[in-house]
Amino acid sequence: MNKLYINSGATTSLAPQTEWSWPVDPERYDRSPKLRKNEATELAYLAGRQRPYGHFPAHTKETLRRLTDPLDAVMDSIEPPPQSRSGALTVMLIEMHKRRQAFWGWSAHDWLDILCVTARDFHKRYRHTNSHARQMLAAGAYLLRLFDDFRALGIIDRTALACRIFGRNRVQATIQRVVDLIRSWGYGRYEAKDVQWAVCTSLLANKSPRLEDLTLDLLAAERNLIHVPCRRAAMTVLSRALVSLDMLPHPLEKRSMHSRLGDARNGVDPTWTSWVDRWYRTCTIQKSSRDRHYVLLLKAGRWVTQTHPDCVSPERWTRELAAEWVGLVCRMTIGEWTQVDNTYKTRAGQPMSPKGRVHHLSSLSSFFRDIQEWGWIRRRFDPRRSFAAPRSLRALIGPKPRVIDDDVWAKLLWAGLNLEQADLTTSHRGSHFYPLTMVKALTVVWLFCGLRVDEIWRLRVGCTRMQWSASPEPPDAICNLDVPVNKTSHAFTKPVDQIVGEAVRAWEGERPQQPPAVDAKTGELVHFLFMYRNRRIAPDYVNRTLVPILCKKAGLPERDARGQITSHRARSTIASQLYNAKEPLSLFELQRWLGHKWVNSTQHYLDITPTKLAKSFRDAGYFARNVRAIEVLIDRDVVVAGTAGREPWKFYDLGHGYCAYDFFDQCPHRMACAKCGFYMPKGSSRAQLLEGKANLLRMRQEIPLNDAELAAVEDGLAALQKLLDQLEEVATPAGPTPRQLRASELVRIAEGKPDASSAA
């Protein structure tokens, strides 16, 4: 009977059932618990028979009619097999004889003693009964309103019990309404069987076969009494089904598990707690941010309770107390001023991150700023200035993208694209909770889209669209992805690889029909893409399940040199790869692609690879820009002859001439030669004799340049003229300055003798 509906091959009719009413009215019968003398005599006769069951003499039936009429009425209602009915009645008569009392006076303890904790114990005690007699007795006691604690009976077929009490067709139709709905959400046979058990348990507890009569309080109470995890979860699934059937306003809340963190209010003065609770109920920021502020505010309250008990009310805080808190936060370590047992403080005593310290300060700043602006307390100091992070602390915060190395990321991509059913983790049911197609789509979205986990969690059905200008080459084809509203921008559309659209559409083709759910960020009723069995994926599924699966398949550890591989590190990795590509996205294009409101937020996700940095440095030509190479002629004949100290042996090629100054690289006129005595024009006979020598050694020497010389090389004539003006009064290696050299040339021209042509 416990396999009533889900194993039934025939389709159950959902035709309306007749209105159910309680089949037996106990008030119609004589409910005196005391046995009459003749009743006791007849019970003793029956108990002493060699065969206690069977047909009774007519006078015995007549004498016991007060006791047997209500039992016959309930047996007629539940319609048991004849043998089970006879066995149940016999047990009742024997027990009334033993207890010297009619069943109307039996206590709950008496009923438990009779029905036994297990069916095996019942059969040992009453060997003349079959396996159904215990269930018939329980149903009879239930309908006579004498005993309804079916939970205390141990393992008993609750589906069969509900069918006996309320009617098989009625219970079967009720089960079908719920089971068909949850099966359409993606639940399997085993889960449906547990939900069927939850339905029958709830009907028995509510004493009505109508789903419409069930309440949240009753479901919550029954769930608290269940100790088997899968059946406790089935009660929650039943509540979601009733919400979908418009019978409940909302499903059961997630059952709170015992947390090792304890209650955050421990050690905090109630006055401070009341202020924080009031702020929590009033402020309008996102719940995740509100929860974070709440814990940090209670942490500050724990500190002020122990160190300044007279200032537990925000009205008593001053600028001096705020400054003391800022100083404490700047020196705070992990685990300090928390209520967690030291056993669980795995990082206790380690330095707190700069961002963590800033969060401690910003929480107090937001709290006091709000309650001052709302007029709850008098303004005694400026929270923005008093709780501002010191400059030394802000200097420690900057872009620090935790990019996954290219070789590791390539292995994760391979693992994600080749994911198989055998790679997925299994539950006690022997299979993964989510279908393989859904896990593949989720994996591809995480590996290729660069989304926050909250954005992945809130993607909607139909979020991918083919781009109108799709490339004919499959590797270049892209599609558009509609990203929902996030914490920094409105909903927007971004291009992604075509493989994302293919994986998402494959899941949409297999996705069971799910009811719409409310998007907490926008308040809209939407169909979420990654929703299965009327539940969205767990927020930590990517970090706790998907990433370990991919790391295991790729043969990688779950941590690298930069820490744990997480969902958000993929976002930094993809952004950095797009920025370092051969044809990279610009910073502003990446800002739009990532959905950032401010471009400085994008900088926190980018890490320039050493390869690109080296190429850019090489292309910048820093060394070539500051150093110029010049050709040098070495006259080896002079060197071999040993006369290098008396005559020139090294000649620097200036293009228009040669310089014989040995320390040319130190000459201030090296980039604008003043043509001093060391200068040799290329057209002169001396230069021609030098170039005609066979024993010349040609070499190149690198000359470092200063800023003025660089400008002369790169910026043209104006910069060259400026350099010449600067060197006008600088002495050459030969002694005179460029101005003196030009003056002597003018004198020579004026004093020279005219040639014959000019004289003529």
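A nonpolar core is here a set of buried Ala, Val, Leu, Ile, Met, Phe, Trp, Tyr and Cys residues joined through side-chain atoms within 4.5 Å, where buried means under 20% relative accessible area, exposed over 50% and partly exposed in between, with a 1.4 Å probe and protein chains only. The model is predicted, so local features need pLDDT of at least 70 and side-chain atom pairs count only at pLDDT 80 or more, while totals for chains, interfaces and linings use all residues. Residues are numbered from 1 along each chain as its sequence is written, and side-chain values use heavy atoms, with hydrogens and water left out.

Start by selecting F103 and F166, the residues with the most contacts inside the largest nonpolar core, which has 81 residues. Next colour helix α10, residues 189–206, which gives the most to this core, with 9 residues; helices are DSSP runs of H or I with at least four residues, numbered from the N terminus.

Return to F103 and show what surrounds this residue: not counting residues up to four places away in sequence, F103 touches L67, P70, L71, M92, M96, W111, L144 and L146, a contact being heavy atoms within 4.5 Å. Apart from the core of F103 lies another, of 53 residues, among them M438, A441, C449 and Y532.

Now move to F368 in helix α16, residues 354–373, where F368 is buried, with a relative accessible area of 0%. Leaving aside neighbours within four places in sequence, its contacts include W272, P314 and W317. The C-alpha atoms of F368 and W317 are separated by 9.6 Å, although these residues are 51 apart along the chain.

Methods:
Helix = DSSP H or I, 4+ residues; strand = E, 2+ residues; numbered from the N terminus.
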